[in-house]
Amino acid sequence: MGRLAVLFTVVLQLLVVAGYVYDPFDSDFRCQVAPEWTTANGTQPMLATRGNITVVLLSWSLHRVQQLERLRTFLIRDRKPGVSFMIINEAGYDWLRERLESEVNFPVYQDSTSLGIYDKLHANLNEILLYDRCGQLNYHARGRWASLNRHHISTGIRQIYYGYGECNCTES
């Protein structure tokens, strides 16, 4: 089943390149290295994840956070090491951060108006960003495409994992 999924994604990518299919994960910033952003204590989380595939969820939704934790657990069981996860909690929802942290086994960072992380990432609430091992944005999932109930995000992770991502990352 894994090879069939990879074959399907390769065919889909070819159709997108040929202009036959709309690419809901496209971005003006595709294949660009993640912009620099820092947390309130001065760390740069994206630099720390370089060398791993990185999944960034911009949300304060407890339900979405729990779904992302389930996806992380599934990838571990599926023997897919080297995938890092993080959540960026929306500015103004500081009071939810501790609750979100208690639901996951990966970092939750707090945005603020002074940090402007969402703006620096050119992303909005409830969107998901997938970066390859080189730190390049491969997929920017918005709206229904950012649903963790469907397989769009896990398929995107697998595409990057097996070297079929949108960008030319040679780091393995």
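Biologist: Where does Asn 168 lie?
Modeller: Asn 168 is in the segment after H6. This is a predicted model, in which local features need pLDDT of at least 70, side-chain atom pairs count only at pLDDT 80 or more, and totals for chains, interfaces and linings use all residues. Residues are numbered from 1 along each chain as its sequence is written, and side-chain values use heavy atoms, with hydrogens and water left out.

Biologist: Is Asn 168 buried or exposed?
Modeller: Asn 168 counts as exposed because its relative accessibility is 70%. Buried means under 20% relative accessible area, exposed over 50%, and partly exposed in between, with a 1.4 Å probe and protein chains only.

Biologist: How far apart are Asn 168 and Asn 138 in space?
Modeller: They are 9.7 Å apart from C-alpha to C-alpha, and 30 residues apart in sequence.

Biologist: Changing topic, how many helices and strands does the protein chain have?
Modeller: The protein chain has 6 helices and 5 strands. Helices (H or I, at least four residues) and strands (E, at least two) are DSSP runs, numbered from the N terminus. In that direction the order is α-α-β-α-β-α-β-α-β-β-α.

Biologist: What do the strands form?
Modeller: An open sheet of 5 strands, ordered E3-E2-E1-E4-E5, with mixed pairing. The edges are strand E3 (108-110) and strand E5 (137-141), each of which pairs on one side only. Two strands pair if DSSP finds at least two bridges between them.

Biologist: Which way do E1 and E2 run, parallel or antiparallel?
Modeller: E1 and E2 run parallel and are joined by 6 bridges. Leu 57 has Ile 87 in E2 as its bridge partner.

Biologist: And how many bridges join E4 to E5?
Modeller: There are 4 bridges between strand E4 (residues 127-131) and E5, and these strands run antiparallel. Ile 128 has Ala 141 in E5 as its bridge partner.

Biologist: Which strands does helix H3 touch?
Modeller: Helix H3 (residues 62-77) packs on the sheet and touches strand E1 (53-58), strand E2 (83-89) and E4. Its direction makes about 175 degrees with that of E2. Contact means heavy atoms within 4.5 Å. Axes are lines fitted to C-alpha atoms, for helices over the stretch in contact, and angles run from 0 to 180 degrees between N-to-C directions.

Biologist: What about H6?
Modeller: Helix H6 (residues 152-161) also packs on the sheet, touching E1, E2, E4 and E5. The direction of H6 makes about 10 degrees with that of E4.

Biologist: At what angle do H3 and H6 pack?
Modeller: The angle is about 40 degrees, and the axes are 11 Å apart. That makes H3 oblique to H6. Angles under 35 degrees count as roughly parallel, over 145 as roughly antiparallel, 65 to 115 as roughly perpendicular and the rest as oblique.

Biologist: Which residues meet there?
Modeller: Leu 71, Phe 74 and Leu 75 from H3 meet Ile 153, Ser 154, Ile 157 and Arg 158 from H6.

Biologist: Back to E1, how many of its residues are buried?
Modeller: In E1, 6 of its 6 residues are buried. One side has Ile 53, Val 55 and Leu 57, and the other has Thr 54, Val 56 and Leu 58.

Biologist: Why does Arg 72 count as buried?
Modeller: Arg 72 counts as buried because its relative accessibility is 16%. Arg 72 is in helix H3. Leaving aside neighbours within four places in sequence, Arg 72 is in contact with Phe 85, Asn 105 and Phe 106.
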